[in-house]
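Here's a quick briefing to read with the viewer open.

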Amino acid sequence: MASDLSITFAALADPTRRAILARLALGETTVTKLAEPFQMSGPAISKHLKVLERAGLITRGCEAQWRPCRLEAGPLKKASDWLERYRRFWEESFDRLDDYLHDLQKKEKKHGRKK
């Protein structure tokens, strides 16, 4: 799983690839449509798509004369699950800090100190 995560995060590291995934979250589309908002060549877009495809984040089909691209959310779910553990860690840490600060404020009020 660690190597799968590494491949997923490496693919997500590029803002163009993240934008492509965001577009595909709206539904499948052609490479031509995906390339429209980007000021780069067709071969450059194709390289980004190959990275996303190798990471398992997209699939490319073949329908008549067009090759639709589709989002594959499985690897994103695995990355999200991995990140979730750390989100819980930070939330618990912030909750403890909040409790500590609340206790300090109560002590300051009890002893007559002002902020």
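Helix H5 covers residues 74–110, which is 37 residues. From its first C-alpha to its last, H5 reaches 54 Å, close to the 54 Å expected at 1.5 Å a residue. Bear in mind that this is a predicted model.

**Along H5**

- Which residues of H5 are buried? They are Pro-75, Ala-79 and Ser-93.
- Just after H5 comes Gly-112, with a positive phi of about 75 degrees.
- A nonpolar surface patch of about 830 Å² is built from Tyr-86, Phe-89, Trp-90, Phe-94, Leu-97, Tyr-100, Leu-101 and Leu-104.
- Take Leu-104 from that patch: this residue is in helix H5.

**Salt bridges**

- Searching the whole structure turns up seven salt bridges.
- As background, side chains of opposite charge can pair when their charged atoms come close.
- Lys-77 and Asp-81 make one of these bridges, with the closest N and O atoms 2.6 Å apart.
- Both Lys-77 and Asp-81 sit in helix H5, four residues apart, or about one turn of the helix.
- An α-helix has 3.6 residues a turn, so residues three or four places apart point the same way.
- Asp-81 has a relative accessible area of 37%, so this residue is classed as partly exposed.
- Glu-84 and Arg-87 form another salt bridge, and here the closest N and O atoms are 2.2 Å apart.
- Glu-84 and Arg-87 are also both in H5, three residues apart, again about one turn of the helix.
- Buried, exposed or partly exposed: where does Glu-84 fall? Glu-84 is partly exposed, because its relative accessibility is 24%.
- Arg-87 is partly exposed too, at a relative accessible area of 38%.
- Glu-84 and Arg-87 belong to one network with Arg-88 and Glu-91, joined by salt bridges that share partners.
- Arg-60 has a salt bridge with Glu-53, where the closest N and O atoms are 3.1 Å apart.
- Glu-53 is partly exposed, with a relative accessible area of 31%.

**The sheet**

- Three strands make up an open sheet, ordered E1-E3-E2, with antiparallel pairing.
- Which strands are at the edges? E1 and E2 are the edge strands, because each of them pairs on one side only.
- Strand E1 (residues 29–30) pairs with strand E3 (residues 68–71) in the antiparallel sense over two bridges.
- On that side, Thr-30 stands opposite Pro-68 in E3.
- Strand E2 (residues 58–60) also pairs with E3 in the antiparallel sense, over three bridges.
- Arg-60 has Cys-69 in E3 as its bridge partner, and Arg-60 is also the residue that forms the salt bridge with Glu-53.
- Ile-58 stands opposite Leu-71 in E3.
- Leu-71 also has a C-alpha 6.3 Å from that of Ala-25, although the two residues are 46 residues apart along the chain.
- Ala-25 is in the loop between helix H2 (15–24) and E1.
- Ala-25 counts as exposed because its relative accessible area is 54%, over the 50% cut-off.

- Leu-34 lies in helix H3 (residues 31–35).
- Why does Leu-34 count as buried? Its relative accessibility is 2%, and buried means under 20%.
- Setting aside neighbours within four places in sequence, Leu-34 is in contact with Ile-20, Arg-23, Leu-24, Thr-29, Leu-49 and Cys-69.
- Cys-69, on the contact list of Leu-34, is the bridge partner of Arg-60.
- Thr-16 is found in helix H2.
- Thr-16 is buried as well, with a relative accessible area of 14%.
- What does Thr-16 touch, not counting residues up to four places away in sequence? The answer is Phe-38, Met-40 and His-48.

Note on methods. Residues are numbered from 1 along each chain as its sequence is written. This is a predicted model: local features need pLDDT of at least 70, side-chain atom pairs count only at pLDDT 80 or more; totals for chains, interfaces and linings use all residues. Side-chain values use heavy atoms; hydrogens and water are left out. The expected span of a helix is 1.5 Å times one less than its number of residues. Buried means under 20% relative accessible area, exposed over 50%, partly exposed in between (1.4 Å probe, protein chains only). Patches are made of residues with over 30% relative accessible area and no salt bridge: like charges are joined within 9 Å, nonpolar side chains (Val, Leu, Ile, Met, Phe, Trp, Tyr) within 5 Å. Accessible areas come from the Shrake-Rupley method with a 1.4 Å probe; for residues, only the protein chains shown count as cover. A salt bridge is a side-chain nitrogen of Lys or Arg within 4 Å of a carboxyl oxygen of Asp or Glu. Contact means heavy atoms within 4.5 Å.
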